[in-house]
Amino acid sequence: MSEKATITLEGKSYEFPVITGTENEKAIDISKLRGQSGYVTFDEGYKNTGSTVSNITYLDGEQGILRYRGYSIEELAEKASFTEVSYLLLYGELPTADQLRDFEHSLTQHTLVHENLVKVFEVFPTGSHPMGQLMTMMSALSSFYPDSLNPNKSPEATNLTVIRLLAKMPTICAMIQKKGKGHPVLYPQNKFDYVSNFLYMTFGNVTEDYTPDPVIVDAMNKLLILHADHEQNCSTSTVRIVGSSHANLYASVGAGVAALWGPRHGGANQEVLEMLEHIRDIDKGDVKKVVAEAKDKKRLLFGFGHRVYKNFDPRAKILKDACDKVLAKLGVNDPLLQVAKELEEAALTDPYFVERKLYPNVDFYSGIIYKALGFPTPMFTVLFALGRMPGWISQWKELREKNEDIGRPRQIYNGATLRSFPDIKSRK
Ligand code: CMC
């Protein structure tokens, strides 16, 4: 017999079906609750609300498990390339050698951006934040591809938009960095793979040859894979809710970029590095004082805590290890890594952090690697977006393929009740 949940309200009982996922996650399907009883559920911050049934990413916060389409993040980070993982997220299965070759070839065919899009960069003042620029570029893309404005045209048309967006993302991200430095932009080179091309456009120079260092290519592949999807987090839920209004893909991911920018989400990677520098320079490395201030709610420890992971963040584990290896291979001796390790140790042995299950998250160590690779701090969240792009697109695609209902939460109104409009002279 299928499981049911019974809710009793004002002496009347209502039965609701229980949904069980493939990993035995259970949810009470309350979609008919309001229609039957007049009640809605209340869950500020959606801490306890399943917004969709998805086949893409599985996450178990208690066990520290993260899987894309059933494959563990540890195995993917170890064995796969970012394009392979992108294919897996988008189409549901790992590609065969032929499928991967075709996929990578089609990506190379769409890496260029319209020259007028490059001119958009001219309007940004010096020092404007890369994430603001990325948001602009995402919505600007829709102007250059009016055929993409109707997301219901055909699966072929959608796929072309998907490929275009994924292909242009490294070009746009690299241009943001180049323009930020006042350097000439570099155009993509089809001889390079996806990640090497990005590194070439970012760190190459028009005046000389550039061959991406395999150590950096490997580190970048790992970083992008670790960020590629994370089920219904703040930016992904944003992409899905915008997409649910049948907004085009560029508009939907532009909204995702906006959500990611916040320091409680992807923006935390920039904050972590700035925090570590502050601890090194201003707090003179006194991590105990920093932890004490965090406990007194005087400051937030960026890179700590997660809405879902309450044991450890598997991405942070992989990154901590990768951080040691990358810095050693590049011969970088960054004192910030020592500050980070001391802060981690001080926090993890403190009852405040232990009781609240606050562990280092993906953003804690990623910034130290990005810095070692040569990225300026304000670019860090753009790199998160570059990695998250296949995830956002896959989630948008899944939503469209299922033709999910428009996202429209309810609220509990707690403002003034009906009152009559007073004449302006009588107002106090
Ligand atoms: N430093 C100090 N205290 C913290 C922290 C932190 N980083 N995170 C949570 N707490 C405390 C919080 O004050 C609360 O304490 P109390 O029980 O006394 O009120 C308790 O821990 C529970 O916190 P919460 O805010 O209810 O937890 P949440 O699940 O709503 O928030 C979070 C999760 C990630 C927003 C939060 O931990 C945070 O702001 N962390 C710092 C920012 C950060 O690193 N964000 C990146 C998240 S991972 C990558 C991504 O998703 O982009």
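Predicted model: local features only at pLDDT ≥ 70, side-chain atom pairs only at ≥ 80, totals over all residues.

**Entry 1: His265**

I started with His265, which is buried, with a relative accessible area of 15%. Buried here means under 20% relative accessible area, exposed means over 50%, and partly exposed is in between (1.4 Å probe, protein chains only). Residues are numbered from 1 along each chain as its sequence is written, and side-chain values use heavy atoms, with hydrogens and water left out.

I found His265 in the loop between α11 (249-261) and α12 (268-281). Helices are DSSP runs (H or I, at least four residues), numbered from the N terminus. The His265 side chain makes a polar contact of 3.4 Å with the side chain of Asn233. For a polar contact I need a pair of N or O atoms within 3.5 Å; within protein, one must be able to donate a hydrogen and the other to accept it, and residues adjacent in sequence count only if both atoms are side-chain atoms. I also listed the contacts of His265, leaving aside neighbours within four places in sequence: Asn233, Cys234, Ser235, Ala259, Leu260, Asp363 and Arg388. Contact means heavy atoms within 4.5 Å.

**Entry 2: the ligand**

Which residues are closest to the ligand? I got His265, Lys297, Leu301, Gly303 and Phe304, out of 22 residues that surround the ligand. To count as near, a residue needs one of its heavy atoms within 4 Å of the molecule.

Then I sorted that shell by class: 10 nonpolar, six polar and six charged residues. The classes put Ala, Val, Leu, Ile, Met, Phe, Trp, Tyr, Cys and Pro under nonpolar, Asp, Glu, Lys and Arg under charged, and the others, Gly among them, under polar.

Next I checked backbone atoms against ligand nitrogen. A backbone N or O atom of Leu301 sits 2.7 Å from a nitrogen atom of the ligand. For Phe304, a polar backbone atom is 2.9 Å from a ligand nitrogen, and for Arg264 the value is 3.0 Å, again from a polar backbone atom to a ligand nitrogen. On its own the ligand has 940 Å² of accessible area, and the protein covers 76% of that. Accessible areas come from the Shrake-Rupley method with a 1.4 Å probe; for residues, only the protein chains shown count as cover.

**Entry 3: helix α8**

How many residues of helix α8 (residues 194-203) are buried? I counted nine of the 10, so the helix is largely enclosed by the rest of the structure. The buried ones are Tyr194, Val195, Ser196, Asn197, Phe198, Leu199, Tyr200, Met201 and Thr202. They pack against α3 (82-91), α4, α7, α9 and α18 (380-401). At the start of α8, a side-chain oxygen of Asp193 comes within 3.1 Å of the backbone nitrogen of Val195.

Beyond its neighbours within four places in sequence, Leu107 is in contact with Thr83, Ile163, Leu166, Ala167 and Tyr194. Leu107 and Arg164 are 57 residues apart in sequence, yet 7.2 Å apart in space, C-alpha to C-alpha.

I took one residue from α7 (residues 155-181) too: Thr158. Thr158 is buried at 16% relative accessibility, and touches Pro151 and Trp396, not counting residues up to four places away in sequence.

In the loop between α7 and α8 I looked at His183, which is partly exposed at 35%. From His183 to Asn205 it is 22 residues in sequence and 8.4 Å in space, C-alpha to C-alpha.

I searched the whole structure for disulfides (cysteine sulfur atoms within 2.5 Å) and got zero. Cys173 has its nearest cysteine sulfur, that of Cys234, 19 Å away. Cys173 is buried, with 0% relative accessibility, and Cys323 is buried, with 0% as well.

Last, positive phi angles. Glu231 has a phi of about 40° although it is not a glycine; it is in the loop between α9 (214-227) and α10 (234-243) and is partly exposed at 21%. Lys357, also not a glycine, has a positive phi of about 55°. I place Lys357 in the loop between α16 (351-355) and α17 (362-373), partly exposed at 42%.

How values were computed: Helix = DSSP H or I, 4+ residues; strand = E, 2+ residues; numbered from the N terminus.
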